[in-house]
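Subject: Structure handover

Hello,

Here is the structure for you to look through. Please open it before you read the notes below.

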Amino acid sequence: MEYANLLLEKNDSVAILTVNRPKALNALNSDTLSELSSALDAVIQDSAIKAVVLTGSGGKAFVAGADISQMKDFNSLQGRRFAQLGHAVFRKIELMPQPVIAAINGFALGGGCELAMACDIRIAAENAKFGQPEVTLGLTAGFGGTQRLPRLVGTGIASELLFTGDIIDAQEAYRIGLVNKVYTSEALLEEALKLARRIADRAPAAVQLSKSAIQRGINLDLDSAQAYEAEVFGLTFSTQDQTEGCSAFLEKRKPVFEGR
Ligand code: CAA
């Protein structure tokens, strides 16, 4: 399918999703969010895709935020609806089976930082910049930033970023645990693809159940989360890939996973 503001490519078992509005630094308007939702549905339905890399086009920005020109004249109801649209699309990323890696190649501000935070893994280019500058616009973060940032980096650092709107560089983002690794701009996409392929090589059900246990468990109390973990651990024993993985280990050979 063709999208106006998005590119969806397939590279073996890895999908590459690129937000493609470079003239607006890939800012998210409602059309782009709706396209992102449709593209995610296409990925979810394609069981040959085992991992996703999400990035931005143009070399300058991952995503520079929600679209300020669209939001400028919103009333309260339109603001709430826009936030709910962002919430629904970003939650889809967390709840979809395939892991999503954000390859942050430039500005990840406001809704862009929030989009990255909804991904399972974040890696960044040296030139990446992060922040929640909404307060400089008279807004609060509205696509999950007030909730995901404290969960990722703790309430103290999150509060400072959300109250000041300060922009931080990739090294600082690494230091506070917002990104896992920092690469040169030239290496970033290849490193993201390497990571995605490494994930795609593992037993798919085990990877997907691990994601589910993380995403569902993080919002539960420890006892309920462990009960869920026991359930997904049990489920892996109903897969052929579990038999293959354990047998291959004992037979000292490389496993061949077939996704069953
Ligand atoms: N929305 C709409 N358009 C945007 C945009 C955004 N978030 N960010 C950049 N653009 C547009 C600019 O208006 C400009 O368009 P024109 O060429 O038509 O004038 C184009 O992209 C290039 O941007 P700049 O000329 O500003 O580029 P720069 O290199 O001088 O600055 C920047 C880059 C620091 C990222 C700057 O563009 C900027 O500060 N952008 C806004 C960042 C921001 O505040 N994001 C948060 C938005 S609010 C939000 O996201 C709410 C939420 O949580 C839901």
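The model is predicted, so to speak of local features a pLDDT of at least 70 is needed, side-chain atom pairs count only at pLDDT 80 or more, and totals for chains, interfaces and linings use all residues. Residues are numbered from 1 along each chain as its sequence is written, and side-chain values use heavy atoms, with hydrogens and water left out.

Aromatic rings

A pair of aromatic rings is described by the distance of the centres and the angle of the planes. Rings of Phe, Tyr and Trp (its six-membered ring) pair if their centres lie within 6.5 Å; planes under 30 degrees apart count as stacked, over 60 as edge-to-face and the rest as tilted. By this rule there are 4 aromatic pairs. One of them joins Phe-74 and Phe-82 edge-to-face, with 5.3 Å from centre to centre and 75° between the planes. Phe-74 is partly exposed, at 25% relative accessibility, while Phe-82 is buried at 6%. (Buried means under 20% relative accessible area, exposed over 50%, and partly exposed in between, with a 1.4 Å probe and protein chains only.)

Phe-90 and Phe-143 also form an edge-to-face pair, at 5.5 Å centre to centre and 75° between the planes. Phe-90 lies in helix H3 (residues 76-95) and Phe-143 in the loop between strand E8 (129-131) and helix H5 (145-153), so this pair ties together parts 53 residues apart in sequence. Helices (H or I, at least four residues) and strands (E, at least two) are DSSP runs, numbered from the N terminus. Phe-74, Phe-82, Phe-90 and Phe-143 form one aromatic cluster.

Nonpolar cores

A nonpolar core is a set of buried Ala, Val, Leu, Ile, Met, Phe, Trp, Tyr and Cys residues joined through side-chain atoms within 4.5 Å. The largest has 49 residues, and Leu-178 is among those with the most contacts inside it. Leaving aside neighbours within four places in sequence, Leu-178 is in contact (heavy atoms within 4.5 Å) with residues including Cys-113, Phe-130 and Leu-149. Another core, of 17 residues, lies apart from it and includes Val-14 and Tyr-183.

A strand residue

Is Thr-55 buried or exposed? Thr-55 is buried, at 7% relative accessibility, and belongs to strand E3 (residues 51-56). Not counting residues up to four places away in sequence, Thr-55 touches Leu-17, Phe-62 and Leu-189, among others.

Regards
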